[in-house]
Amino acid sequence: MAELTPAVLGDRAERMINTLGSVSAEPYRLLRTFLSPAHREAANLVTQWMQDAGLTVSEDALGTVRGSLAGAGTRRLLIGSHIDTVVEAGMFDGPFGVIAGILALEHFATAGRKLPFGIDVLAFGDEEGVRYSATLASSSACAGKFDFSTLELVDAEGVSLAEAITLYGKDPADIPAAAYAAGTAAAYVEVHIEQGPVLEYRNQPLGVVNSIAGQTYLNVEFLGEAGHAGTVPMLLRRDALAGAAEAILAAERSARDTKGEVVATVGHINIPAAASNVIAGNVALTVDIRSGSDAARLNFVEGFKTDVRAIAERRHLGLSVTTTRNVATTPCDPAIQDGFAAAIKAVGGEPLKLASGAGHDGTAMAKLCPVGILFVRCRGGISHNPAEYASPADMGLAVAALIKFIEGFKP
Ligand code: HGY
Ligand code: MN
Ligand code: MN
């Protein structure tokens with residue numbers, strides 16, 4: 001077997017990324033949503049890879065594929081990431097973390113080395129939250145914190161999460177069995193592309209995450225009066241879409257005014273009765289608000305709610321604002337950060353520390369055990385975009401650093 005140098009590891013990772021990246025619900029863009037046929041196909045592929053790497057493979061009621069390497073003692077190191085994607089996704093966000101875990105465990109399995117702890121590599125299927133409004137369902141189940149009320153959530157076709165689990169061949173009654181017993185998980189670590197420009201700007205292939213940004217998701221609905229685009233005088237309109245447009249710009253302007261402390265994004269707008277010759281009577285938009293400071297985020301949310309109330313009042317629009325997600329900033333464990341810093345140095349890098357603006361399964365797993373993330377440089381910081389790319393050289397260094405981290409890990 002070829003020595004697992006970073007170059008060899010990187011080439012293997014690239015081939016696996018491309019293979020998994022071809023598993024999609026649609027022919028011309030990458031889309032893999034939770035408990036979909038594409039998720040099933042991806043889970044089958046990952047299962048095969050884990051078996052080929054010499055791991056014992058299992059799957060829980062939410063479709064998380066778990067590849068286990070036996071070790072001494074009862075404690076386990078968990079390594080994971082997600083195999084679901086956003087719409088028109090890149091191939092690296094999520095999958096590289098699973099592939100890095102498999103390649104690292106293969107190194108120990110083929111060496112026949114019995115570590116003083118077991119290791120599981122976990123392929124989660126619900127990090128992006130594209131199909132259901134809740135997210136991190138699969139990692140929450142592993143952490144023993146699954147929110148059973150989300151079973152009633154329905155997707156765009158009206159299929160509830162409970163039905164989707166059953167259609168996937170699982171039983172919602174088995175969800176509790178997915179949880180790790182208290183005290184079993186020594187730590188959860190993830191290897192993930194940075195999805196931002198810092199490592200590339202600092203010319204570093206790898207970095208250590210110190211915290212995962214907190215998130216607030218709002219659903220903002222404006223209620224106006226549908227009308228004929230040709231006959232209603234401008235001054236008599238109650239145009240919900242014009243109100244929504246003001247709200248979108250208010251979010252952007254207020255976030256810019258925080259000088260980087262808070263970011264706000266309206267990525268989805270829904271106009272149920274959209275037509276080019278109709279004044280929109282009903283418009284709903286999602287607002288994604290994030291910050292490394294919980295106080296700054298919550299303060300921003302209150303200010304934005306004041307802004308949209310003023311817009312609605314001035315335009316005589318009805319308004320409803322509901323919070324669909326509120327997640328505090330997740331600190332990464334200092335000992336894990338030190339472990340990754342030592343591993344980066346061991347592979348010739350400079351251990352840069354940086355915050356993650358992106359969310360990760362680590363936020364859910366932090367309810368179970370200490371968590372940490374190793375970042376990998378990605379070209380132009382581009383992500384959630386088919387142009388997403390990490391080089392084989394950087395991916396190989398990341399796997400080599402993960403192996404070093406495992407060798408130095410104390411459960
Ligand atoms: O939105 C996020 O940060 C993650 O990609 N789900
Ligand atoms: Mn993502
Ligand atoms: Mn991700």
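Let's start with one pair of residues: Gln215 is the bridge partner of Arg290 in strand β11. This is a predicted model, in which local features need pLDDT of at least 70 and side-chain atom pairs count only at pLDDT 80 or more, while totals for chains, interfaces and linings use all residues; side-chain values use heavy atoms, with hydrogens and water left out. Residues are numbered from 1 along each chain as its sequence is written, and chains are lettered from A and ligands numbered from 1 in the order in which they are written. Arg290 is also one of the residues around ligand 1, and that is where the tour goes next.

**Around ligand 1**

- Which residues are around ligand 1? They are Glu127, Glu128, Arg290, Ala358, Gly359 and His384, where a residue counts if one of its heavy atoms lies within 4 Å of the ligand.
- This shell divides into one nonpolar, two polar and three charged residues. In this grouping, Ala, Val, Leu, Ile, Met, Phe, Trp, Tyr, Cys and Pro count as nonpolar, Asp, Glu, Lys and Arg as charged, and the others, Gly among them, as polar.
- Gly359 takes part through its backbone, with an N or O atom 2.7 Å from an oxygen atom of ligand 1.
- Taken alone, ligand 1 exposes 210 Å², and the protein buries 92% of that (areas come from the Shrake-Rupley method with a 1.4 Å probe; for residues, only the protein chains shown count as cover).

- Gly359 is in the loop between β14 (352–356) and α10 (362–365). Helices (H or I, at least four residues) and strands (E, at least two) are DSSP runs, numbered from the N terminus.
- Is Gly359 buried or exposed? Gly359 counts as buried because its relative accessibility is 15%, and buried means under 20% relative accessible area, exposed over 50%, and partly exposed in between.
- Not counting residues up to four places away in sequence, Gly359 touches Glu127, Ile212, Gln215 and Arg290 (contact means heavy atoms within 4.5 Å). Of these, Glu127 and Arg290 are also among the residues around ligand 1.

**Strand β11 and its partners**

- Strand β11 covers residues 282–291, and eight of its ten residues are buried, so β11 is largely enclosed by the rest of the structure.
- Strand β7 (residues 214–223) pairs with β11 in the antiparallel sense over ten bridges; two strands pair if DSSP finds at least two bridges between them.
- Strand β9 (residues 262–270) pairs with β11 too, in the antiparallel sense and over seven bridges. Here His268 stands opposite Thr286 in β11.

**Strand β2, covered on both faces**

- In a regular strand the side chains alternate between the two faces of the sheet.
- How many of the five residues of strand β2 (residues 65–69) are buried? The count is five of five.
- Val65, Gly67 and Leu69 lie on one side of β2 and Arg66 and Ser68 on the other, and both faces are covered.
- Four bridges join β2 to strand β1 (residues 56–59), and the two run antiparallel. Thr56 has Ser68 in β2 as its bridge partner.
- β1 and β2 form a hairpin with five residues between them, and Gly63 in the turn has a positive phi of about 80 degrees.
- β2 also pairs with strand β4 (residues 118–124), antiparallel and over five bridges, with Arg66 opposite Leu122 in β4.

**Residues with a positive phi**

- Most residues other than glycine have a negative phi, and most peptide bonds are trans.
- Leu35 has a positive phi, near 60 degrees, in a residue other than glycine. Leu35 sits in the loop between α1 and α2, and is buried, with a relative accessible area of 7%.
- Asn203 also has a positive phi, near 55 degrees. Asn203 is found in the loop between α6 (198–201) and β6 (206–212), and counts as exposed at 56% relative accessibility.

- Ser36 lies in the loop between α1 (6–21) and α2 (37–52), and is buried at a relative accessible area of 8%. Leaving aside neighbours within four places in sequence, Ser36 is in contact with Arg131 and Tyr168.
- Gln337 belongs to helix α9 (residues 334–346), and is buried with a relative accessible area of 9%. Leaving aside neighbours within four places in sequence, Gln337 is in contact with Val208, Val209, Asn210, Cys332 and Lys353.

Definitions and conventions. A polar contact is a pair of N or O atoms within 3.5 Å; within protein, one must be able to donate a hydrogen and the other to accept it, and residues adjacent in sequence count only if both atoms are side-chain atoms. Buried means under 20% relative accessible area, exposed over 50%, partly exposed in between (1.4 Å probe, protein chains only).
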